[in-house]
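Subject: Structure handover

Hello,

Here is the structure I promised to pass on. Please open it first, then read my notes below.

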Amino acid sequence: MTQDESRLIRDITQCLYSSLEIEKSLHETLLLLKEYLPLDLVHVFVLDTSAQTLRYLAEATVKRGTLIDERIQLSWDHFKEIRDQAHGDVRILESSESPMLKSIHAHFLGHVEKPLYSRKNDFSVMTMGFDIVPPLVGGFGMVVGGDHAYGASHLNWINLIRRPLIGAVLNLLHHRDLVCENERLSSEKKQLEHRLGHDGDGRIIGADSGLREVSAMIHQVATLDSPVLILGETGTGKEVVANAIHRASGRSKGPMIRVNCGAIAEGLLDSELFGHEKGAFTGATRLKRGYFEQADGGTIFLDEIGELPPAAQVKLLRVLQTLEFNRVGGSWPVSVDVRVVVATNRDLFAMVKEKRFREDLWFRLNVFPIRVPPLRARMQDISALASYFVGRKSRELNMEPPPEVTDSAVRQLTAYDWPGNIRELQNVIERALIIGRGRHLSFDNLLWEPGAASDSAVSGATAEGFPSMDQAVTDHIRAALSLAGCKVEGPGGAAELLGMNPSTLRSRMKKLGVGVKQVIDKTGHR
């Protein structure tokens, strides 16, 4: 081995292991290899031979290295061409001899900057494939402008460093996968909320009584990939049903991403759902993967789907049909493998009739509807739910051992019709624990008097003797504000009582003309 050959092996090993960030290592490697062979661009990709998809990981030019990490569905012709490129030997390919090769590289190379090559220009490619874990095959490519730019001497240089090159690239791929997994777990952790109505082992409370029919429907649909539409009043535990579907599915080891559609500002919906490229708009300082990408391989739960504006409904319909989308500012489609579960407390069918919800999206979502009954229709579950919440909230408030849920307390709870459903029950129990300092439970003065809500509704009845929907909602919001001492958000606030996002509640109040000052004037709360 000559001195130059020894130096190349040493230097290339140092470059490849200089950083665990694949784009930086590729950039350093390109700068070094340019001393030995003509080179404009290097790139790394992973081919999934079972799914016919390409994961284009990163590329580097003289200017910089760029992390891309996109999965792209390939046509059969493109798939065969790239599969041949990823053959284990080092190969030299000429774009002039393969129109398909020119089409592939014009499409995939030069993602971020202006493409280095187009269908009008010839270029040479030197590729080296390597096995990862079946059915995955890796590829390392070197590209330079001009026809027949690579020869036997260049093949010798690459064959000389083939082993350390493959070892380092595999190491970088493994690290990249760990980074992606950590990002997914971090995102899921941020979105994880306290689950309502079920205990730690995932058993739904009431599955054998009040939720028997719902439980049966969950088991029917869980193993399929069909969309599920969960219907029910606010606070009934629709997210619990979505969690149960995910846990019982073949995607249970994948992510479960929860999205409150009513809590995202309309101008940010595209970026939040589908992500954006670096520089797509002012403030987009880095690539961001949206909720759909974060849910790849798992389930995405879209709560309050009825709050989506028309433009977002169109894009959601396209994603449901193709499982592809473009990031904001992106030029290439991103493919994902997700199961979509949606929920709403609104009457979507009525919204379709009123042209406020797309009919084609409604038909796409309404494949398997599950209606979750309100708490007043499953009073037999009150005792079990109360015991669960007392135990959980006592631990959270450091008030162990938890106080006993007496028969008298259960009678008090079952005498109430629970307009806020399970979420209201949870909040009432937490307040009772705080007031009783964890030693005893009493629900005196913590519950509205039975019939108070209906009396309020009747007082606002129309000329026909029955309140309109807007009037009923207005009265319900005012009653919640009154109970919460005119506090909109935060612990014990009206938003928490109603099981709504504070921004959604404020928007609804503005639309209906409900002001906090009106409630203060009427009730005397300050």
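Start with Phe79, which is buried at 3% relative accessibility (buried means under 20% relative accessible area, exposed over 50%, partly exposed in between, with a 1.4 Å probe and protein chains only). Trp76 counts as partly exposed, at 44%. Both sit in helix H3 (residues 76–85), three residues apart, about one turn of the helix. Helices (H or I, at least four residues) and strands (E, at least two) are DSSP runs, numbered from the N terminus.

Before you go on, note that this is a predicted model: local features need pLDDT of at least 70, side-chain atom pairs count only at pLDDT 80 or more, and totals for chains, interfaces and linings use all residues. Residues are numbered from 1 along each chain as its sequence is written, and side-chain values use heavy atoms, with hydrogens and water left out.

Aromatic pairs

The whole structure holds eight aromatic pairs. Trp76 and Phe79 form one of them: the pair is tilted, at 5.4 Å centre to centre and 35 degrees between the planes. Here is the rule: rings of Phe, Tyr and Trp (its six-membered ring) pair if their centres lie within 6.5 Å; planes under 30 degrees apart count as stacked, over 60 as edge-to-face and the rest as tilted. Phe274, Phe292 and Phe325 are linked by ring pairs into a cluster.

The sheet

Look next at the open sheet of six strands. Its order is E3-E2-E1-E6-E5-E4, and the pairing is antiparallel. Strand E3 (65–73) and strand E4 (90–94) are the edges, and each pairs on one side only. From one strand to the next, the twist averages 20 degrees. Two strands pair if DSSP finds at least two bridges between them.

E2 and E3 form a hairpin, with four residues between them. Seven bridges join this antiparallel pair, E2 and E3. Glu59 stands opposite Thr66 in E3. Strand E1 (residues 41–48) and strand E6 (residues 136–145) also run antiparallel, joined by eight bridges. There, Phe45 faces Gly139 in E6.

Helix H2 (residues 22–33) lies across E1, strand E2 (53–60), E3 and E6, at about 60 degrees to E2. Axes are lines fitted to C-alpha atoms, for helices over the stretch in contact, and angles run from 0 to 180 degrees between N-to-C directions.

A buried arginine

Where does Arg378 lie? Arg378 is in the loop between strand E13 (369–371) and helix H14 (382–396). Arg378 is buried, with a relative accessible area of 1%. Its side chain makes a polar contact with the side chain of Asp381, at 2.8 Å. A polar contact is a pair of N or O atoms within 3.5 Å; within protein, one must be able to donate a hydrogen and the other to accept it, and residues adjacent in sequence count only if both atoms are side-chain atoms. Beyond four places in sequence, Arg378 is in contact (heavy atoms within 4.5 Å) with residues including Ile205, Thr236, Leu385 and Ile422.

Confidence

The mean pLDDT of the protein chain is 81, and 84% of its residues reach 70 or more. pLDDT is the predictor's confidence in each residue, from 0 to 100. pLDDT stays under 50 over residues 110–115. The value also stays under 50 over residues 193–201. Where pLDDT is low, the predicted coordinates should not be read in detail.

Best wishes
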